[in-house]
Amino acid sequence: MDNEDATPTEDLAQLLARLKDEYGVNDSQIAAAVGVSISTVNTWVHRKRSPRPDAIRAIAKAYPKYTEDVLFAAAGRKAPGPLSPAAEDRLLELFRGLTAEQQELQEIQLRALNEHNRSALS
């Protein structure tokens, strides 16, 4: 499911409240399961920040009743596309064919896109 079309019925803070009730966990336990600090989880719960994609994936892995698509939608973000090992190999091979200057320019562009994705709606 492409969550671009999904309209979340709850935001991330509401979803986390439901997750805590359903799994019987608290912020500290979520933090430990995801590998972040309690204060980081607190910023999500109080709508001060939105988790990074790696944290959203970790939540989905630790609490499988909540899929990545649902979590990304609740966080107001588009889920990053999957990257298979074969696709990663193809991209790396293309990158290796660039000059050092071209590689640097591509890295700058990719960092800018990633930063945009991280800051969008957080």
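Lys-20 and Asp-27 are both buried in this predicted model. Their side chains meet in a salt bridge, with 2.7 Å from N to O. Side chains of opposite charge can pair when their charged atoms come close. A search of the whole structure finds six such salt bridges.

Another of these contacts involves Glu-22 and Lys-65, whose closest N and O atoms are 3.5 Å apart. Glu-22 belongs to helix H1, whereas Lys-65 sits in the loop between H4 and H5. The pair therefore ties together parts that are 43 residues apart in sequence. Glu-22 has 40% relative accessibility and so counts as partly exposed. Lys-65 reaches 56% and counts as exposed, the threshold for that class being over 50%.

A salt bridge also joins Asp-11 to Arg-47. Here the closest N and O atoms are 2.5 Å apart. Asp-11 lies in the segment before H1, and Arg-47 in the loop between helix H3 (38-45) and H4. The two partners are 36 residues apart in sequence, so this pair too ties together separate parts of the chain. Asp-11 is partly exposed, at 27% relative accessibility. Arg-47 is exposed, with a relative accessible area of 52%.

Tyr-23 in turn forms one aromatic cluster with Tyr-63 and Tyr-66. The count of aromatic pairs comes to two. In the pair of Tyr-23 and Tyr-63, the ring centres are 4.9 Å apart. Their planes stand at 70°, so the arrangement is edge-to-face, a class that requires an angle over 60 degrees. This pair links distant parts of the chain. Tyr-23 is in helix H1 (residues 12-23), while Tyr-63 is in the loop between helix H4 (53-62) and helix H5 (68-74), 40 residues apart.

Tyr-23 and Tyr-66 make a tilted pair. The distance is 6.4 Å centre to centre, with 45° between the planes. Tyr-23 counts as partly exposed, at 26% relative accessibility. Tyr-63 has 5% and is therefore buried. Tyr-66 is buried as well, with a relative accessible area of 2%.

The chain has seven helices and zero strands. From the N terminus on, its elements run α-α-α-α-α-α-α. Of its 122 residues, 27% count as buried. The accessible surface comes to about 8300 Å². Carbon and sulfur atoms account for 52% of that surface. Among contacts between residues at least 6 apart in sequence, 58% join residues at least 24 apart.

The mean pLDDT of the chain is 88, and 89% of its residues reach 70 or more. Over residues 1-8, however, the pLDDT is below 50. Beyond near neighbours in sequence, this stretch has eleven contacts in the model. Where pLDDT is low, the predicted coordinates should not be read in detail.

Notes. Residues numbered from 1 in each chain as written. Predicted model: local features only at pLDDT ≥ 70, side-chain atom pairs only at ≥ 80, totals over all residues. Heavy atoms only, no water. pLDDT = per-residue confidence, 0-100. Contact = heavy atoms within 4.5 Å. Helix = DSSP H or I, 4+ residues; strand = E, 2+ residues; numbered from the N terminus. Buried < 20%, exposed > 50% of the residue type's maximum accessible area, 1.4 Å probe, protein only. Areas by Shrake-Rupley, 256 points an atom, 1.4 Å probe, with all protein chains shown as cover. Phe/Tyr/Trp six-rings, centres within 6.5 Å; stacked < 30°, edge-to-face > 60°. Salt bridge = Lys/Arg side-chain N within 4 Å of Asp/Glu carboxyl O.
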